[in-house]
Structure formats: C-alpha cells, structure tokens
Amino acid sequence: MSAETETQYNPQYGVRRTIFSDEYDFLTKIESVCVQEDGLHFAVRTWKDRTVKVCVTFLTPSVFRFVMVPELTAQSHRQTVLESASSSEFESKNAKLVETQHCFVYETEQLSLHFEKDYWEMSVYQNGKLLTKEQAFDTNVDNRWKQLPTGFQVDASGKSISTFEQFVLFSDEMFWGFGEKFTHFNKRGQRIECWQKDALSTNSEDSYKGHPYFTSSRGYSILLNTFTRSSFDMGASSWISYQIGSNDPVLDYIFLAEESKDYKKLLQQYLQLTGQIPMIPQWAFGFWMSKCSYMSRKEIEDVVDKAEQLGVGIDVIHIDGWQKPDMAGLWEWDTERFPDPEGMIRELNKKNIHLSLWNYPYLQENSPEYKALAERGFFIKNKEGQPALFKSTADSEYLCACFDFTNPEFLEWYGERIKKIVRMGVSVIKTDFSEAVPKDVVFYNGMNGYEGHNLLTYLYAKNIYGWMKEICEKRGELPLLWGRSGYAGSHTIPAAWAGDSSSDKATHSAILQAGLGMAMSGVSFWGYDLGGFYHTGYTGNEERPDTEDYLSSVQMGLWMPLSRAHGKTPREPWQYGDLALKNVKEWINFRHRLAPYLYHTACQSHLFGIPMLRPVVMEYPKDPMAKMQNLSYMLGDSLLVSPAFDREEYDLYLPEGQWRNIESKEVYKGGSFVHVETKSFANGGTSLLVFQKEGTSIPLLAQKEVMHVPATAWKREDLDFMTFTTTDITEKIYVPGECGKVEFIQVEAKKNA
C-alpha cells in the first residue's frame with residue numbers, strides 16, 4: 001500500500017509541498033558528482049527544476065568549505081572573510097570519495113560527509129558518530145515545508161539574490177559566539193542579524209560588531225563566509241531546525257569540527273584560518289581615563305594633575321573633541337583649544353601617560369572641506385553618483401557623508417594625514433562610528449550597500465591599524481586601536497569596546513553577554529565604558545549615575561581585559577565622593593599590581609589564540625553546569641570573577657577543584673554552588689567577588705603602591721606571587737621583552753604559600 005493511500009481519515013495526504021512563495025527554491029536531488037583537484041563537485045536539481053553547483057573542499061582533515069552557486073546569480077561584488085583555502089599542507093585531494101547504495105561519502109581520517117542520493121541531505125560524521133546534518137524535513141501536518149531546506153531566493157528574472165542553509169537542531173544543543181550581541185550568551189531560540197548598527201545602547205540584539213561565526217555545544221563551529229548582510233534563526237522559528245543565510249547570491253561557509261569538544265582548540269582552528277591575535281602594549285593593561293569630551297589642553301592637564309595629587313594612577317587619557325566640529329574626521333588639531341599638541345604629548349609621556357584620540361569616518365556637509373573632497377570622489381555615493389548623505393545619529397544637526405575605504409586614492413590621502421598625527425606620539429586611535437551607512441549606496445569598488453555596509457566597518461579599522469603599525473614599529477612600539485565597530489576577522493585589529501552603555505546595574509549583565517560572545521568569536525582585547533556612557537534620570541535628561549551604579553560598573557570593568565572610564569558626564573572617581581575615590585584608588589592600584597598576570601594572559605591570546613576573558617564553559621567544557629554560566633567568567637585560567645549586577649542574593653556555581661576568595665581567603669569546594677548575599681558599597685559591601693583556582697600562582701608586582709603599569713620589562717625579582725596550591729608547582733610566566741617581543745621566566749611556587 002502506498003504512503004498516500006494509507007492516510008484515509010481526511011485529505012491531508014502525504015504529498016510534500018511548501019508553504020513558501022515561488023521566489024524561494026531549494027536543493028532536491030543530485031544529478032552528477034565528480035572529484036576535482038579543489039574538492040568534490042555536484043550538480044544538483046532544485047524544487048523548481050533549476051541546476052545548482054555545489055563544491056565541498058576540505059581545508060584540513062577537520063575543516064571543510066561548502067559553496068553553493070545557483071545557475072543564475074544576480075550581479076555581485078561579494079567579498080569573503082576567508083579568501084584562500086588554508087596554510088595547512090593538507091589538501092582536498094587527500095580526501096576520498098566512496099559510493100554506497102544510498103549515498104556518496106566524502107571523507108578524511110576525521111570527518112565523513114554523507115550526501116543522500118534519493119533526496120539532497122548532507123550529514124557530517126566525526127569518527128563514525130553523527131555530528132550534525134542538514135534539516136530537509138521540517139514540515140507541518142500537511143507535509144508542507146515550514147522551514148526550507150538548503151536553497152536560495154530569486155528575483156523576477158530567476159537570478160539568485162540570497163541564500164540559506166538549514167541544519168538539524170538537536171534537543172540539547174546550545175550556540176555561542178556571533179561577536180558582540182547584548183542578549184543571553186546561549187543564542188539558542190534567538191534571531192541574530194549581522195548588520196552593524198549604531199546600537200545607541202547595550203542591552204538588545206542591535207550591536208556594533210556582530211560576527212557571522214558561532215560555536216555549537218556539539219563541538220563544531222560555522223563561519224558564514226561573507227561580509228554581506230546575514231541572519232541566523234537559531235531555533236526561534238522551530239525547535240528542530242536552525243537556519244543561516246545572507247543577501248549573498250552564493251552560499252559560502254566554513255565548517256570546523258573538534259572531536260574533544262574542547263572549545264579552545266576549536267577557536268584555535270578558526271584563528272589559524274583567519275589570522276593570529278596580535279600582541280598589544282603592556283601599558284594598555286592599566287587604567288584609561290576619558291569623558292565625552294575633554295575640550296582643552298588645560299582641562300586635560302587639570303585632570304592629570306588632580307589624579308596625581310589624589311594618587312589615582314592613569315595610564316592612558318583620551319580626547320574625543322580634539323578637532324573643530326566642522327573639521328572632525330580630517331585629522332587636524334584645533335590648536336586654539338589644544339596649543340602645541342606635540343608638547344602636550346611629551347609632557348603626558350613624562351608622567352607615563354599615553355594619549356588616545358577619537359576618529360570619525362564621516363564628514364559633515366557643512367565642513368569647509370566637504371565640496372573639494374566630494375569632487376575628488378572620496379565619499380560613498382548614492383545611485384545618482386552623488387555623496388550619500390545621512391545623519392550619523394538620530395539627533396544629528398547636520399547631514400554627513402562617509403569616506404569610501406575602497407577608494408585607493410582616498411586611502412593614500414587619508415593615510416598620510418593619520419600617520420602625521422601618529423608621528424606626534426599618539427598611542428591609541430579610537431575608531432568610532434561607521435555603522436550608519438545606508439543600504440541604497442554604491443562604493444568605489446562597485447559594491448552595493450548590502451555588500452559593503454559590514455565590510456566598511458572592518459576596512460575602516462584595518463587600514464588605520466596598518467598605518468599606525470607602520471609608524472609605531474619604527475619607534476619600537478606596538479600599535480593599538482580602540483574600536484567600536486568590526487566584523488569577523490577583527491580579532492587581528494586590537495582592541496574593541498562595547499559602545500554606548502548605560503550606567504544601570506542590570507545593563508552590566510547585558511554587557512557581559514557581549515564580552516562572552518566576543519571571546520567565543522576570537523576577540524581577546526575588549527572592554528566597555530566604566531561608569532557607563534550615559535544615564536537617563538527621572539527627568540528624562542542626562543544625569544550622572546548614582547555612586548552605587550558607578551562603583552558597580554567601575555569594579556567589574558577593572559576585572560576586564562581592558563579598562564577605560566568614559567561617559568557623557570564626568571567619570572573621574574573624585575567626582576563621586578570620598579567613598580568612590582577610596583574604592584576606585586584601591587582597585588586601580590591592584591589592577592596595576594596585577595599587570596604581570598594580565599600581560600601573561602594576553603600572551604596566551606597572542607601565542608595560542610585563547611582569549612583573556614573566557615566563558616566558564618571554555619575552561620570547563622566537560623562540565624554540564626559550566627555550559628549554563630553566563631553571569632560569571634574566567635579572567636585567564638586562574639581567576640573566576642562573579643559580579644553581583646542588580647542581585648541582592650544569588651547562587652554562584654564554582655567548577656571542579658577548590659577555589660579561594662582572594663579577599664577573604666575563604667576556601668570553597670568546587671562542583672557546587674555558593675550562596676552569595678550582597679551589601680551596598682555604602683554599607684561596606686562589594687558588587688563583585690573574585691576566586692582563585694587551586695594549583696595556580698598569580699604574578700603580581702611586588703611594590704605595594706603602583707601608580708602606572710611599568711614602562712620597562714619586569715623580572716623575577718620585581719614580582720610577588722599569590723599562590724593557592726597544595727603541592728609544589730612550576731609555571732611558565734610570560735613577561736615583556738625588547739621591542740614588544742614576548743619572553744618567559746620559570747617560577748617555582750611552594751605548597752600552601
């Protein structure tokens with residue numbers, strides 16, 4: 001009896017159909033298959049009787065690239081995150097093809113890809129076990145697809161304009177990554193969009209630097225290999241499917257697998273393909289002071305003098321408004337407000353303070369230089385060939401245009417202006433904005449807005465970092481950015497901060513979600529605005545945060561990879577009373593003493609691709625409870641940090657082993673929960689607890705009062721060690737060498753020290 005005649009109760013017969021319109025098409029059956037030098041090639045028929053080419057290329061034994069090209073595609077100037085195959089000696093020709101009765105099997109010694117003959121479906125096996133597979137059968141009771149299998153969308157002429165891939169969603173599967181997203185660390189059940197925005201806050205899915213890269217708890221990662229606007233439905237529409245896709249007419253993704261489910265090793269594979277994390281200067285791990293904005297040289301000098309007088313150690317000071325408003329973005333000092341900027345930088349350097357300057361990739365329409373630069377074609381254009389004008393923020397008074405970082409002539413002109421400023425001794429460039437370029441634009445290289453919008457945020461930082469590197473290397477220094485926007489690959493352009501955050505305690509937990517996502521996306525050097533960038537008061541106007549919110553934000557921020565205080569109102573600790581000044585001074589001093597540990601942890605990022613800030617699951621991948629932890633984190637491999645946020649009491653999970661509270665010295669058994677009750681700062685409390693892992697020895701500067709991260713390298717005799725161990729241990733500690741090079745020393749720590 002046929003499948004159709006078995007269903008007799010009503011006319012809902014078993015004939016597979018789709019609920020989607022004719023503009024969608026998808027893969028159905030293999031027509032032909034052949035092995036070529038660059039991989040396995042398929043010709044595949046679709047639901048609408050089109051032909052699609054699919055190529056699967058193994059880059060390493062555990063990494064493959066999947067590319068689907070419909071027979072007709074719309075004109076595209078697409079660029080990919082990963083262009084070349086791999087630096088690995090492994091080539092796709094080492095993979096072998098085996099044909100069975102029901103499928104084609106394409107495999108290496110680690111991965112086996114099964115392609116069904118009867119109906120298109122790819123399954124991924126790792127050493128004989130199913131890792132994941134495409135979802136071809138997410139249908140409703142009428143046998144209509146409600147989530148489409150792997151396919152594409154076409155325009156009126158039948159050309160592909162967007163593509164998508166669909167995988168099975170396992171019942172306990174979790175997802176982490178996607179760059180900086182201010183929603184729950186586990187992205188299962190969420191819709192994610194990689195379309196960089198001026199988010200204007202840090203507590204929603206909108207973000208400045210989404211990455212089309214994620215990791216599954218099952219031990220694999222996927223990079224959607226495009227800069228084009230992309231979206232991810234991670235089980236929001238269906239419990240049994242998740243879908244990835246973009247406005248790219250070609251489907252192109254990289255699939256990475258790690259059998260041990262060691263998420264560090266999985267991340268290392270990704271970084272081996274996309275680039276190493278560069279090292280940053282040792283002074284960057286100190287305390288950065290900023291506000292929006294210091295408006296004169298005198299104001300800068302007054303802040304520095306006040307900090308010195310009160311014993312607040314500043315390592316970096318930042319200026320947003322160093323240019324005239326109608327010249328912002330042109331890299332020219334406003335010397336009326338900042339006379340003799342080179343002299344100012346020299347005086348700051350004498351005090352061991354480095355200067356950071358703001359940058360803006362736009363130019364206001366009312367700028368005296370606008371017309372001449374527009375005539376030279378330096379701006380991104382609209383479809384009429386004129387500069388595309390837009391507001392940089394919702395409340396902007398003037399329209400502006402964005403510089404076109406795909407125009408070689410512009411880059412040559414712009415690069416010289418930036419290098420001139422860096423030669424003055426500037427140590428950091430803050431690359432602000434770049435996310436507001438409209439969709440309906442044309443770039444110099446032919447890209448449209450969908451193709452170039454995300455790429456712009458990457459090119460903006462990449463070019464400036466490259467120019468800085470050119471100058472900094474000549475004076476034996478390392479370059480450093482402080483970037484708001486970015487994309488996959490931005491881990492190679494340090495560093496980043498989390499945009500315009502609120503001072504509210506609850507928002508601090510949203511910021512942490514973003515930091516954990518950045519870590520799982522390979523970004524190590526990251527921070528946020530200590531004290532919060534803005535605070536909306538009961539009047540609806542901008543106000544200073546209250547002391548409790550301010551201290552909560554600053555305390556957590558000083559246990560992040562990088563620590564910069566910044567806000568629309570002052571963020572200097574003496575502005576918040578004696579209690580704030582006392583606490584913040586102590587915290588900054590300890591952070592300075594902790595510089596050897598921070599530097600050591602940063603070297604682990606640079607050398608081995610392990611981020612400084614780490615989700616608990618990254619350190620404890622075999623611990624089922626570690627997967628659930630999103631309100632605590634590891635700083636390096638020795639310290640677990642637990643902020644209270646807005647909680648008056650909570651239960652903190654400590655992984656296996658023993659843990660010691662670094663302040664109270666109380667020891668706790670791991671693999672269990674600790675009940676925490678909080679008190680306000682006004683009542684002698686704290687908003688954050690830090691625990692040291694048993695069997696570790698943390699290097700500290702031996703000097704008890706430290707105003708700045710040392711400018712010179714430290715040696716064994718400069719260090720004390722915070723040791724928590726029941727056995728004698730020997731550890732390798734990374735320390736600064738000459739010209740930014742990394743060296744190490746061997747340290748022996750005695751038990752119970």
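Predicted model: local features only at pLDDT ≥ 70, side-chain atom pairs only at ≥ 80, totals over all residues.

Residues are numbered from 1 along each chain as its sequence is written, and side-chain values use heavy atoms, with hydrogens and water left out.

**Exercise 1. Describe the largest pocket and its lining.**

Step 1: Start with the terms. On a 1 Å grid over the protein atoms alone, a pocket is an open set of points with protein on both sides within 12 Å along at least five of seven lines, a cavity is a set where a 1.4 Å probe fits but cannot get out, and lining residues have an atom within 4 Å of a point. Grid points are joined across faces, edges and corners, and a volume is the space filled by probe spheres set on the points.

Step 2: Read off the volume, which is about 990 Å³ for the largest pocket.

Step 3: Turn to the lining. It holds 33 residues, and Cys292, Trp358, Tyr360, Thr393 and Phe433 lie nearest the centre.

Step 4: Sort by class (Ala, Val, Leu, Ile, Met, Phe, Trp, Tyr, Cys and Pro are nonpolar; Asp, Glu, Lys and Arg are charged; the others, Gly among them, are polar). The lining has 15 nonpolar, eight polar and ten charged residues.

**Exercise 2. Find which helix gives the most to the lining of the second largest pocket, then follow the strand that joins it there.**

Step 1: The second largest pocket has a volume of about 730 Å³. Among its 32 lining residues, Asn583, Glu586, Trp587, Phe590 and Glu663 are the closest to its centre.

Step 2: Helices (H or I, at least four residues) and strands (E, at least two) are DSSP runs numbered from the N terminus. The top contributor is α10, with eleven residues; α10 (577-593) and β39 (688-693) each supply at least two.

Step 3: Two strands pair if DSSP finds at least two bridges between them. β39 sits in an open, antiparallel sheet of six strands, ordered β32-β33-β34-β39-β36-β37. Its antiparallel pairing with β34 (residues 639-643) runs over five bridges, and leucine 639 has glutamine 692 of β39 as its bridge partner.

**Exercise 3. Characterise the largest cavity.**

Step 1: The whole structure has one cavity of 30 Å³ or more, and the largest cavity has a volume of about 150 Å³.

Step 2: Its lining counts 19 residues, with Ser490, Ile493, Ala495, Ala496 and Val523 nearest the centre.

Step 3: By class, eleven are nonpolar, seven polar and one charged.
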